[in-house]
Amino acid sequence: MIAQTPHLLQDTLLLSAARLGAKTAVVVEGQAYTYDELRQAARSLAGTLVQHGLQRGDRVAIYMDNTWPCVVSIYATLMAGGVFLVVNPQTKADKLEFVLDDSDARILITDGHLSAVFLPLLPRLNKLSATLCSGKVPESNSIIAFEQALKDSPATAHHRAIPLDLAALIYTSGSTGNPKGVMQTHQSMLFAAGSLTRYLRLSENDRLLCVLPLAFDYGLYQLLMSVALGATLVLERSFTFPAQVFARMEEQNVTVFPGVPTIFAMLLSAHSREPLCFPSVTRVTNTAAALPDDFVARMRPIFPNALIYKMYGLTECKRVSYLEPELVERKPGSVGKAIPGTEIYLLSAEGQPVAPGETGILYVRGPHVMAGYWKRPDLSAHMLKAGQLPGERVLCTQDYFRMDEDGFLYFVGRNDDIIKTRGEKVSPAEVENAMHGIAGISQVAVVGIPDELLGEAIRAYVVLEPNSELTEKRIRAQCLTRLENYMVPEEISICSALPTTATGKVSKRALLEQN
Amino acid sequence: MSIGAKVRSYIQENFLFSEDTGAFADSDSFLEQGIIDSTGVLELVFFVEEQFGIKVADREMIPENFDSVANIARFIQNKQAAQ
């Protein structure tokens, strides 16, 4: 029986399918799938997952591009009572192994074109009880073909979670180097999807575009919101070929365009070559990094009928704030107010309220706040603080903001050294760790430098071992085998020594001031 | 050097930073192999325009024309033949 109000994330699919079974739920690279097809495929796959040992609360790692099998796997995991984590398909072997191991993933669902990365790891991953693979399945007795997993639909009783159970782990980069899994429950994700839907004024008639990876919560929520509404998601693998995306937007009459500043910069650059105009789009959203002030005005001719939303968020609570689109011109630079059903406030380092206009640390209170970082109580304690109510925990974002007299929020700065490039968070420590593994590198320091297209570009200062024959190019080639493409430094500067502070640490400030 | 070989050497030099010619096949999808991402396609288009004296329209920047060495070589040949 289906509850009329969704209590679990997968209930949204069951409800939409019951109501709108024949409607297109997802268009993946031009191919349409109905709500009935999504429900049926997810049910079958859920049966296979349970058959292969998935218990309630077990993690399923989905290491895939934005594809139909990826969408099915997300809902199948939930239906089977599991917890999904989507891993960016750009992830290289070392990090994939870390994430699979850290999450204690029970099942891996992946795609044949990624086999060069995941196959060598399989013998070592002894917590995995099954690996499923879509596309071209590598020759191996132990790998189950995704298509087969959908066909053999055992009538297994699925495990049923409760709203307080985890629905997803969302891995995010942290200043400590290794990524950490943000724990989100069914109820927190349902709440966040509902809150976003409300202020974005979405309805089941919307057609949402998603060119962002589903491994990124901004991409993932396009799917979650669309399914919950009974709307249609137009899913593209990426924004790599903008012309293909533009053609799809026209063909599919896309109404919602979510992007990050790098995507909007590419859009504006394409527009200057050949004018673009998407009259069907009625909502444009930006988050992940601040949208330069002049972008909104320059984007108007491209999206003549769209409300433009500037937003701010972090994976630890999905989204913090949004600026009402009608106020974009009146409140330049602001990321607005708390999303519906939540509240935000600024405190000084001593925990005292700050006056309007003064800088403080941003705190977030609401049902969307994460349950913590997976197996990292130390890091959780740094971000989750006691709230006013007994036992309550609020999110301390550790980011600096100020608020004007009207309560509108303005970003001031981060208190860590995370680099934001192409809308992705990059931990300098993670890049440095990977580069330290390259034979011939003695010392390395990684910093972010301002860049018009990327927001920030990554620059690495490297000191080589004596007699090393490494060149800038060879270092970048090595980086590509260890890091996601967006984490590979755009610039590598080989130097004889790195400046240090009085305590002997590398001084990144001095490095930045050299230039 | 053939058109394909020139394209391959540009990609190795600028996206993979390597001289290893066996790293990928002419028919391998750049997207699937993670060779090029969104900011890379524009660079590739500029290279093709400059090196082969053709003009690439925005609507031609699609996987059928730019997602593998083989696709790019075919696209360039067709454009040159049409000039």
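Student: Hi! Where is the place of R422(A) in chain A?

Tutor: Hello! R422(A) sits in the loop between β23 (419–421) and β24 (424–426) of chain A. Helices (H or I, at least four residues) and strands (E, at least two) are DSSP runs, numbered from the N terminus. A word on the source: this is a predicted model, where local features need pLDDT of at least 70, side-chain atom pairs count only at pLDDT 80 or more, and totals for chains, interfaces and linings use all residues. Residues are numbered from 1 along each chain as its sequence is written, while chains are lettered from A and ligands numbered from 1 in the order in which they are written.

Student: Thanks. Is R422(A) buried or exposed?

Tutor: R422(A) is buried, because 25 other C-beta atoms lie within 10 Å. The cut-offs are 20 or more other C-beta atoms within 10 Å of its own for buried, 12 or fewer for exposed, and partly exposed in between, with C-beta atoms placed from the backbone. Its backbone is worth a look too: R422(A) is not a glycine, yet has a positive phi of about 50°.

Student: And what is phi for A288(A)?

Tutor: Near 85°, a positive value in a residue other than glycine. A288(A) belongs to the loop between β13 (283–286) and α11 (293–299) of chain A. It counts as buried because it has 25 C-beta neighbours inside 10 Å.

Student: Switching to W374(A): which residues is it in contact with, leaving aside neighbours within four places in sequence?

Tutor: Those are S103(A), L169(A), K180(A), G181(A) and M183(A). Contact here means that the C-beta atoms of two residues, placed from the backbone, lie within 7 Å. W374(A) and S103(A) are 271 residues apart in sequence, but their C-alpha atoms are 7.5 Å apart in space.

Student: Where does W374(A) lie?

Tutor: In the loop between β19 (372–373) and α12 (377–383) of chain A. W374(A) counts as buried, since it has 22 C-beta neighbours inside 10 Å.

Student: Now helices. At roughly what angle do α1 and α3 of chain A cross?

Tutor: Roughly 110°, with the axes of α1 (residues 9–20) and α3 (residues 68–79) of chain A coming within 8 Å. Axes are lines fitted to C-alpha atoms, for helices over the stretch in contact, and angles run from 0 to 180 degrees between N-to-C directions. So α1(A) is roughly perpendicular to α3(A); that label covers 65 to 115 degrees, with under 35 roughly parallel, over 145 roughly antiparallel and the rest oblique.

Student: Which residues make the contact?

Tutor: L9(A), Q10(A) and L13(A) come from α1(A), while Y75(A), L78(A) and M79(A) come from α3(A). By class, that is five nonpolar, one polar and no charged residues. Ala, Val, Leu, Ile, Met, Phe, Trp, Tyr, Cys and Pro count as nonpolar, Asp, Glu, Lys and Arg as charged, and the others, Gly among them, as polar.

Student: What about chain B, how many helices and strands?

Tutor: Five helices and zero strands. Of its 83 residues, 27% are buried. The C-alpha atoms of chain B fill a box of roughly 35 × 25 × 20 Å along the principal axes.

Student: How many residues does each chain bring to the contact between A and B?

Tutor: Chain A brings 21 residues and chain B brings 19. On the side of chain A, α9 (242–251), α10 (261–273) and α14 (472–482) each supply at least two residues. The largest share, five residues, comes from α14(A).
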